[in-house]
Amino acid sequence: MARKSGSTSRLDEAARAGWLYYVAGRTQDEIAAAMGISRQSAQRLVSLAMSERLIKVRLDHPIAECMALSAALEERYRLKQVQVVPSDPNTDTAPTGIAEEGAAEIERWLKRSEPTVLAMGTGRTLRSAVEQLPPMACPQHRIVSLTGNISPDGSAAYYNVIFLMADAIQARHFPMPLPVLVSTPEERALFHAQPLVKPTLELGGKADVTFVGIGELGQRGPLLLDGFLTADEMEELVAAGAAGEICGWLFNDDGKLLDHPINQRVASIPLPSAEDTIIFGMARGKPKHRAIRAALKGGLINALITDEDAARFLLDE
């Protein structure tokens, strides 16, 4: 999927700054902090919004409605950051727009000069975002995988993004050399005690920022489609009240981890605390609405990248 052109991306940023300044009433210092740019850059973007005639009685750009939805979601769920992109009327499943915005957010963190630990989940949306990262030299950063990189058949898991990131950026990478699900809780404890695994587990708990996909359950659930669960196991989880999963961790409609034997077999790093780090959830599409809402209710994520349709669903609660 092609990245947005420089001019279009620049206008998007100008529209965002213009909305914050003229509609939300933010100061240029506040805009700079919200967008992760300097005050001078914020001033130039606001000026660009004016010179390109984006500012009239209303902001003449599709991003305006998205910004209003972002602000409403941020307030409703007390989130640190929200990015809402226009919905794609042609598909309800492809990561259109989410991947581009996710790539831009990941890139902003990678451009930081101070050493940063980025924890990465897995999934189709996250992979699409990482595919759009430009080549970068980031020797000051460390990238850690929250999930295993081994499929049930022993092959490399296709939607694990840690090795894909290794191709795009020059930073130390810490993969999780395990499957997403192991056979027993005892096997998980044995694997986690291995010298090659323990440093990754420890680093994952110290992440400065985390990016995860949010998976639905049922017949379209990634854990079933990718062979980690059988159809009978999926039906059992749905009957037990599972609403979604993040990195294999199953949770109910209140965003609480499901008290179920399968959760005791998840080999992924425990999800970081939302009190200590920024956790971006990236998801769109009607099949994922329930899972997104549950993740927000339970505080499993404290930042969100989604589309207009999901945003309106979350605000209609």
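Tutor: Let's start with a definition: a residue is buried when its relative accessible area is under 20%, exposed when that area is over 50%, and partly exposed in between (1.4 Å probe, protein chains only). The model here is predicted, so to speak in its terms: local features need pLDDT of at least 70, side-chain atom pairs count only at pLDDT 80 or more, and totals for chains, interfaces and linings use all residues. Residues are numbered from 1 along each chain as its sequence is written, and side-chain values use heavy atoms, leaving out hydrogens and water.

Student: OK. Is β1 mostly covered or mostly open, and what's on its faces?

Tutor: β1 is mostly covered, with five of its five residues buried. On one side sit Q81, Q83 and V85, on the other V82 and V84, and every one of these is buried. Strand names like this are DSSP runs (E, at least two residues), while helices are runs of H or I with at least four residues, all numbered from the N terminus.

Student: How does β1 run relative to β9, parallel or antiparallel?

Tutor: Parallel, with five bridges joining β1 to β9. Strands count as paired if DSSP finds at least two bridges between them. Within this pair, V84 stands opposite T306 of β9.

Student: Moving on to α13. Which of its residues are buried?

Tutor: In α13, which covers residues 308–315, the buried ones are E308, A310, A311, L314 and L315. They line one face of the helix, because looking down the axis of α13 they fall within an arc of 160 degrees. That arc is taken from the directions that lead from the helix axis to the C-beta atoms.

Student: And what do they pack against?

Tutor: The buried residues of α13 pack against α4 (63–77), β1 (81–85), α12 (289–297) and β9 (303–307). Contact here means heavy atoms within 4.5 Å.

Student: Give me one. What does R16 meet?

Tutor: R16 meets E101, at 3.6 Å from N to O. R16 lies in helix α1 (residues 6–23) and E101 in helix α5 (residues 98–110), so this pair ties together parts that are 85 residues apart in sequence.

Student: Are those two buried or exposed?

Tutor: R16 is buried at 8% relative accessible area, and E101 counts as buried at 6%.

Student: What about D253, what is its partner?

Tutor: D253 forms a salt bridge with R290, with the closest N and O atoms 2.7 Å apart. R290 is in helix α12 and D253 in the loop between β7 (249–251) and β8 (278–282), so the pair ties together parts that are 37 residues apart in sequence. R290 is partly exposed at 34%, and D253 is partly exposed too, at 28%.

Student: Which residues are joined into a network?

Tutor: R16, E101, E105 and R108 are, through salt bridges that share partners.

Student: And E131, what does its side chain meet?

Tutor: The side chain of R127, at 3.3 Å from N to O. E131 is partly exposed at 45%, whereas R127 is buried at 14%.

Student: New topic: what are the domains?

Tutor: The chain divides into domain 1 (4–52) and domain 2 (64–316), with bounds from an automatic or database domain assignment. Their C-alpha centres lie 29 Å apart. Six residues from domain 1 and eight from domain 2 make the contact.

Student: How much area is buried between domain 1 and domain 2?

Tutor: About 650 Å², with 55% of that from carbon and sulfur atoms. Buried area is the accessible area (1.4 Å probe) that two parts lose on being put together, summed over both. The salt bridge count between domain 1 and domain 2 is one.

Student: Last one: where is E13, and what does it touch?

Tutor: E13 is in helix α1 and counts as buried at 19%. Leaving out residues up to four places away in sequence, E13 touches M35, L45 and R108.

Key: Salt bridge = Lys/Arg side-chain N within 4 Å of Asp/Glu carboxyl O.
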